[in-house]
Amino acid sequence: MKSTVVTVTLNPALDKTVTVPALEVGGLNRVRQVRIDPGGKGINVAKVLHGFDVDVLATGLIAGGYGERLLAQLDRQGVPHSFVRVPGETRTNLKVYSESDQVTTEINENGFDVQPQSVLEFLNVLEELLSEASYLVLAGSLPKGVSSDIYGQLVELANSKGVRTILDADGDALKKGLEARPYAVKPNLFELQQLTGQGVETLDEIISAGQTLLARGLSLVVVSMGGDGAVFLNKEETYQVKPFPITPQSTVGAGDSMVAALVHGLVTGKSLPELAEWATTAGTVTASKRGTQVCTAEEVQNEVHRVTAKKLVPKA
Ligand SMILES: Nc1ncnc2c1ncn2[C@@H]1O[C@H](COP(=O)(O)OP(=O)(O)OP(=O)(O)O)[C@@H](O)[C@H]1O
Ligand SMILES: O=P(O)(O)OC[C@@]1(O)O[C@H](CO)[C@@H](O)[C@@H]1O
């Protein structure tokens with residue numbers, strides 16, 4: 001199967017979002033609304049890219065009856081996929097949206113245990129898929145049994161085939177993945193601080209930490225900052241984009257929508273400021289939707305005029 005973009009989700013999830021009037025920790029919370037969406041970061045990126053008319057395919061590992069349900073939902077949404085089935089069960093991640101303060105609390109399960117032969121099977125599938133791809137998105141946590149250097153291995157595989165990789169992970173998986181020099185990375189502030197050991201309190205510090213990552217051989221760094229927007233850096237330029245005001249309904253998938261819009265911008269040859277505006281708008285639209293619903297191309301197109309990429313001049 002040929003596709004321009006391949007997204008990898010090694011630890012997918014059914015996202016169960018429950019809405020409560022006001023979350024009371026230690027109290028009885030009655031649910032007003034429930035929705036279940038196919039989730040996992042790479043899968044969310046694929047959902048957005050499919051809606052943007054980009055030729056995308058979601059791959060990774062999947063297990064059990066919940067996994068089949070997730071794939072059936074992807075089929076209904078028309079998102080192409082090719083997952084390797086492993087023993088066990090796909091996790092359910094609980095997202096509790098509290099209406100009074102508009103805050104989402106996330107409770108993510110660990111997911112299935114993976115045996116070495118399943119990882120090998122997946123590597124064979126991916127190698128095949130990459131032969132026609134231009135971009136590879138590696139996103140999300142790793143299930144038990146998958147080594148923390150897997151993203152590093154996958155970045156190396158992609159690099160050897162001339163495929164550009166976008167990495168969005170955390171902890172050791174992110175650290176080791178970075179050592180293999182992906183094309184782009186999207187840390188949040190916490191991850192940026194962890195990766196560089198630098199302060200990220202001020203804008204100057206954020207830019208400096210972003211430049212540290214570029215100096216390690218990356219081409220594009222996007223630092224996402226939730227309601228404060230994001231900073232986009234390549235070797236030549238730096239831009240900051242602030243979101244337009246919204247009532248956040250669930251920020252789940254906002255970062256993934258940003259990654260997807262970034263890939264869309266790269267595939268369609270957008271300039272850095274254009275790409276920055278698209279990506280910030282995509283994240284913001286998704287944050288204004290319930291559950292793990294993602295932005296559509298039409299929504300991003302309609303709202304993108306509400307943000308402006310501001311050029312930043314790093315201190316010498
Ligand atoms: N409360 C918010 N208001 C407006 N825009 C938001 C809000 N939260 C997120 N966004 C938009 O989504 C983008 C990505 O969000 P965020 O920085 O939370 O990503 P993240 O940490 O990767 O999240 P996740 O891992 O849950 O996807 C932001 O840069 C912003 O454009
Ligand atoms: O546990 P991970 O893999 O870090 O994150 C998984 C997850 O929280 O990320 C997505 C939102 O970004 C959700 O669809 C999913 O439940």
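**Figure 1. G145 touches D113, V114 and Q115, leaving out residues up to four places away in sequence.** Touching here means being in contact: the C-beta atoms of the two residues, placed from the backbone, lie within 7 Å of each other. What you're looking at is a predicted model, in which local features need pLDDT of at least 70, side-chain atom pairs count only at pLDDT 80 or more, and totals for chains, interfaces and linings use all residues. Residues are numbered from 1 along each chain as its sequence is written, while chains are lettered from A and ligands numbered from 1 in the order in which they are written. G145 itself sits in the loop between β8 and α4. Those labels refer to DSSP runs numbered from the N terminus: helices are H or I with at least four residues, and strands are E with at least two. G145 is partly exposed, because 16 other C-beta atoms lie within 10 Å. (The cut-offs: 20 or more other C-beta atoms within 10 Å of a residue's own makes it buried, 12 or fewer makes it exposed, and in between is partly exposed, with C-beta atoms placed from the backbone.) If you go looking for E237, it is 92 residues from G145 in sequence and 40 Å away in space, C-alpha to C-alpha.

**Figure 2. Helix α4 (residues 150–160) has I150, Y151, G152, L154, V155 and A158 as its buried residues.**

**Figure 3. G210 is found in helix α7 (residues 203–215).** Buried or exposed? G210 is buried, because 27 other C-beta atoms lie within 10 Å. Setting aside residues up to four places away in sequence, G210 touches V221, V223, V231 and L233. Take V223 from that list: it is 13 residues along the chain from G210, and the two C-alpha atoms are 7.4 Å apart.

**Figure 4. Q102 has a positive phi, near 55°, without being a glycine.** Find it in the loop between β6 (91–98) and β7 (103–107). Q102 is partly exposed, because 14 other C-beta atoms lie within 10 Å. R181 is another non-glycine residue with a positive phi, this one of about 65°. R181 lies in the loop between α5 and β10 (184–185). R181 is partly exposed, with 17 other C-beta atoms within 10 Å.

**Figure 5. Ligand 1 has 21 residues around it, and the closest are S224, G227, A254, G255 and G283.** To join this shell, a residue must have its C-beta atom, placed from the backbone, within 6 Å of the ligand. Helices α8 (254–267) and α9 (272–287) each bring at least two residues to it. By type, the shell of ligand 1 holds nine nonpolar residues, eleven polar ones and one charged one. (Ala, Val, Leu, Ile, Met, Phe, Trp, Tyr, Cys and Pro count as nonpolar; Asp, Glu, Lys and Arg as charged; the others, Gly among them, as polar.) As for α9, 13 of its 16 residues are buried, so the helix is mostly covered.

**Figure 6. Ligand 2 is surrounded by 17 residues, with G39, N93, N108, G140 and S141 the closest.** The elements giving two or more residues to this shell are β2 (13–20), α1 (41–51) and α8.

**Figure 7. Zooming back out, the chain has ten helices and 14 strands.** Its C-alpha trace spans about 55 × 50 × 35 Å along the principal axes. Of the 316 residues, 49% count as buried. Among contacts with a separation of 6 or more, 70% join residues 24 or more positions apart.
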